[in-house]
Amino acid sequence: MNTSPTKDHAQRLLEESGLTSSHEPIDVTLVSMLLERHYRVTGRLGRLATEKDDTFRLSTDSSNYLVKVSPPDEVEAVVAFQTAAMRYLETAAAHLPVQRVKLTANGDDHVTIRLNDGRTRILRVFDFIEGQVLADANPDAERLARAGEMLGLIDVALRPFTHAADRRGLAWDIRHFHQMAELVEHTPSPEHRQLAQAVFRLFDENVVPRLSDLERQVIHGDFSPYNIVVDPEKSDHFVTGVIDFGDTVRSAVIFDPAVPMANLLGRTPDHPWRDACAFAAGYQRKRPIRASELPLLPVAALARLTLRALITNWRAERAPERREYLLDHAKDDWINIERALTVSLDDVVAHLSEARHGHSLRFRPEYVLFECYGTMSAMPGCSITPESSAQELLRHHPGDHEPVAGRHGGFDRNLCRLPPGGSDGVGGLRCWQPATSVRVVGCPRRDPLARRTALNALAAAVHFGEQANVVNAASELLIEASARTDGKLAPRSVSADYRSGPAEVQMVRNAV
């Protein structure tokens, strides 16, 4: 028998997550009696299929509610943590459509049920959010991005939240993925075992060495398409409800968007990462991921999808009463893992990085990138001075199709096609395809010429125009414009050291 630490750890996580035992469904008559006694509500109870709780829809004459009774093996403190997270969001972020907890007549947020064998179960009641779940919708990229924004907003709101049980052991927490390898033994298909082993290798090589330094906070943990209620007819308010905080945990931030990304992998077979990346783009609009952690996100998404396939096979053997529910939720997992692995993860990371900066959501770069460093004042054939304009810049470099770069500020000398434009700095124009969007970055020192040089770089962006960010970066000034073809420039913030910034940016706007 294998008694390795990894095997023991996996078994302990499965037990702590309430996944190792089956239990008799709770008597509906008992639930009705408790609801009337403690909540003063009566109505018709309809049982709903879920992973491990006994769950009901309660229909009364005036309202609908969701009733959940935790399994006997789930620790009371963990259930209290889940409830506390929901109640915290209700107060700290009341504008978010998170499911509300209904209190008892005495003001409690739960009822404790004590079983004859000494174990306890927790009954809770929530508002029932009507609508279609994302899994049953057919969202386009922008609506998926809206869903991503919602999770980003939830994670922003949860950032300060703490609880005594937030470091719970949870088998679904991706940070434990590498310790769940024993589950491969329960996968009957050799092809599926090979896929799982490939993902374990990716995780071991890329994520495990970084686990200790990843940014952490309390996260939702299961923002799957079945836990997102939507209105397909709306775009701006696409997400109308967020439910099920059963997998809430303190973990790495990147593991939260990795869960819905995993669920979206392979939805479009010809572009298996498209929908997942659309979601991630929306998430990063509200909760940007650290640049150093972004390359780990696709691996985390693959790990989560593999984990679901493995746990589903394992649980279906042990919980026949939930077999249909489990297998239905994971029926295409292995196919989608295989599809996702056919795409270079470097391409996925490049796409995520482009979306992080507001570029077009495509896998091939379609943008102009102009970078200036130091006191750069000229480029061959195009003088970068206060009088130059976006039109002049584009006239001299009309959509080259091969990379062009200067050799300063970290540019590779071997990429150089344009000679330096001055002793203090150089710059270049890159265009891989006809530009549909543009990103301009300037990092000038604190002197008037450098500031004007950077503003002329911004002028190129204004020609396309969308937004510009002016922030203080250590002893330098960082000016970044991420633009698309709508002819606008909207400064978001200006460094205090950049006293004439707003007026000069307005000047550039007016000039173009």
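Student: How are helices α3 and α4 oriented to each other, parallel or perpendicular?

Tutor: Angles under 35 degrees count as roughly parallel, over 145 as roughly antiparallel, 65 to 115 as roughly perpendicular and the rest as oblique. Axes are lines fitted to C-alpha atoms, for helices over the stretch in contact, and angles run from 0 to 180 degrees between N-to-C directions. Helices are DSSP runs (H or I, at least four residues), numbered from the N terminus. Here α3 (residues 76–92) and α4 (residues 141–158) have axes that come within 10 Å and cross at roughly 95 degrees. The two are therefore roughly perpendicular. The model is predicted: local features need pLDDT of at least 70, side-chain atom pairs pLDDT 80 or more, while totals for chains, interfaces and linings use all residues. Numbering starts from 1 along each chain as its sequence is written, and side-chain values use heavy atoms, without hydrogens and water.

Student: Which residues of α3 and α4 meet?

Tutor: Contact means heavy atoms within 4.5 Å. Ala85, Tyr88 and Leu89 of α3 meet Ile154, Ala157 and Leu158 of α4.

Student: Which residues touch the most other members of the largest nonpolar core?

Tutor: Nonpolar side chains tend to be buried together in soluble globular proteins. A nonpolar core is a set of buried Ala, Val, Leu, Ile, Met, Phe, Trp, Tyr and Cys residues joined through side-chain atoms within 4.5 Å. Buried means under 20% relative accessible area, exposed over 50%, partly exposed in between (1.4 Å probe, protein chains only). In this 89-residue core, they are Ile154, Phe255, Trp273 and Leu297. Helix α8 (residues 297–318) gives the largest share, twelve residues.

Student: How many residues of α8 are buried?

Tutor: 20 of its 22.
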